[in-house]
Amino acid sequence: MVYYIAQFYKNRHNYPPGPIPLPLIGNMLTFRKYKRNWSMEILDFKRIYGPVFTLWVGPLPFVIICDPDMARDVFNKSEFSGRPTLLMSGIYNNEKHNDVIFNDYGPCWKYLRQVQHKAIGKYAKTKALSELVAKSVRQMVDNIITNEGIDKPFQTRHYAYDLFANILGSIMYSEKFDNKHPALKKYKYLTIDYIPEVGNAMMMYEFVPMSKYFMANPLAKYKCYFNELLIYTRNIYQNHDKTYDSNSLRDFCDILIAAKHEAIADDKLSAQYLTDDNLLVTLIDMFIAGVDTSQITLMWILLYLAYYPEYQDRLHSEINFELNSREPVAEDISRLNYTLAFVSEILRHRNVAPMGVFHKTLADCQLGAFSVPRNTQVLVHQFGIMNNTKYWTNADRFEPERFLDEHGQFIQTNPGAYMPFGCGRRICPGRALAINDELLSIKFL
Ligand code: HEM
């Protein structure tokens, strides 16, 4: 025991500074004191230790970066682009299949991400997307009126979720995901319901080794639902593969299947990774990553439009002026300067991933003045960076105008401290689709 404690404190000096951890539990007692939102409250450590600090969750160190230049610099390097091996990653990545989100950096991740990117790129700016969003928004508004009536307050959460489930379900599988769809309940659990259900139990089970002796696995139900979704998606995938026509690609599923056939026909290195099992988990991945993030962003948009009616008027008149009640096409989106600035500011001010997503170091590496050992979890504090007065004037104020130039044109080059979709090699591949989905949803609302 004495040896373990001595080693623990010796090892601690291999990481950037931070509050003193206790053996086995790390800084978990500090987290207990937090009343509001721990991801915001840990920003206090930046004032004490500087823009890079280490927090220990159980016996595991987490290095947090709060500096945008350093974040971009290191996340552009392959050695900072791994993903930690968590219990959840084992559900997506195992001896049977691999995905993108939880997959470690390497050729399998690279080739799967490439096809994902290609599929998203093909769809993000099409007229078909605009028509689909129009139809789905109309359906959502009808459902709201039928179920909630008019002029009464209601919870937007499930309607917003169903909207993006419908949009992504159609883009991905040509499936209509209305709220009676049998797979939707499972998807909903995997994306939004399991977090409130399992709460901190997942962190305990994941990071405190002793907890496995007195707790049931909080991810058991998650795994069970995931397996059911795998069967469901395999069915759709196999039907697509049987009816696939390379001259008429219907959806993401077809685009992924086309990439597989192409890789096999050309005997490409990628063929060994573009397997049926990997591709269908990659499809589930996109749904999981895309629906929840887009839904939460739309809920913020709706809240801000209700809270600041002046923005409602401004967006309304820009959309009316530029589109004059016709259906928008891809080129129209770039003319909606104020609406683009509004969505960009929502993503800055109320980012859905305040602390980004875990990365893992793949080798011993240098992080500014500090060295970080291999297999360390690294996080970029996106909220801290995007709300830091050093990089943003009136950082805490909601001001879409900050994204416009003096002629009212949307500034295409993002400021260095703007990173709602992460940064570097693992930056969100769905960002173009996400922004267009939000813009079109505003247009049709
Ligand atoms: C407002 C909407 C969205 C936001 C704010 C968002 C944000 C993010 C962030 C912060 C990451 C982590 C980047 C990193 O690891 O450093 C990420 C990853 C990812 N996102 Fe998004 N996302 C959004 C929508 C979407 C959509 C619509 C899709 C696909 C249809 C998507 C697919 C993915 C995937 C597959 C990854 C994992 C990439 C990888 O590990 O290489 N996202 N996203």
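I start with terms: two strands pair if DSSP finds at least two bridges between them. Helices (H or I, at least four residues) and strands (E, at least two) are DSSP runs, numbered from the N terminus. This is a predicted model, where local features need pLDDT of at least 70, side-chain atom pairs count only at pLDDT 80 or more, and totals for chains, interfaces and linings use all residues. Residues are numbered from 1 along each chain as its sequence is written.

**Entry: the sheet**

I looked up the strand order. The open sheet has 4 strands in the order β1-β2-β6-β3, and its pairing is mixed. β1 and β3 (359–360) are the edge strands, each pairing on one side only.

I took β1 (residues 52–57) with β2. They run antiparallel, joined by 6 bridges. Leu-55 sits opposite Phe-62 in β2. Trp-56 has Pro-61 of β2 as its bridge partner. The hairpin of these two strands, β1 and β2, has 2 residues between the strands, and Gly-58 there takes a positive phi near 60 degrees.

I moved on to β6 (residues 377–380). β2 pairs with β6 in the parallel sense, over 4 bridges. Val-63 stands opposite Val-378, and Ile-64 stands opposite Leu-379.

I finished at β3. β3 runs antiparallel to β6, with 2 bridges. Lys-360 has Gln-377 as its bridge partner in β6.

**Entry: cover on the strands**

A residue is buried if 20 or more other C-beta atoms lie within 10 Å of its own, exposed if 12 or fewer, and partly exposed in between; the C-beta atoms are placed from the backbone.

β2 (residues 60–65) is mostly covered, with 5 of its 6 residues buried. In β6, both faces are covered. Gln-377 and Leu-379 are buried on one side, Val-378 and Val-380 on the other.

**Entry: the ligand shell**

Which residues come nearest to the ligand? I find Gly-290, Thr-293, Gly-422, Cys-428 and Gly-430, out of 26 residues around the ligand. A residue counts as near if its C-beta atom, placed from the backbone, lies within 6 Å. The elements giving two or more residues to this shell are α7 (107–124), α14 (276–307) and α19 (431–444). α14 gives the most, with 7 residues.

I sorted the shell by class and got 15 nonpolar, 8 polar and 3 charged residues. Ala, Val, Leu, Ile, Met, Phe, Trp, Tyr, Cys and Pro count as nonpolar, Asp, Glu, Lys and Arg as charged, and the others, Gly among them, as polar.

**Entry: Cys-428**

I checked the record here. UniProt, in an unreviewed entry, places the feature "binding site" at Cys-428. Such annotations may be inferred rather than shown by experiment. Cys-428 is in the loop between α18 (382–386) and α19.

Is Cys-428 buried or exposed? Cys-428 is buried, because 21 other C-beta atoms lie within 10 Å. Leaving aside neighbours within four places in sequence, Cys-428 is in contact (C-beta atoms, placed from the backbone, within 7 Å) with Phe-421 and Gly-422.

**Entry: Leu-184**

I ended on Leu-184, which lies in helix α10 (residues 182–198). Leu-184 counts as partly exposed because it has 19 C-beta neighbours inside 10 Å. Beyond its neighbours within four places in sequence, Leu-184 is in contact with Ala-165, Phe-177 and Asn-179. Its C-alpha atom is separated by 35 Å from that of Asn-414, 230 residues apart along the chain.

Methods
Contact = placed C-beta atoms within 7 Å.
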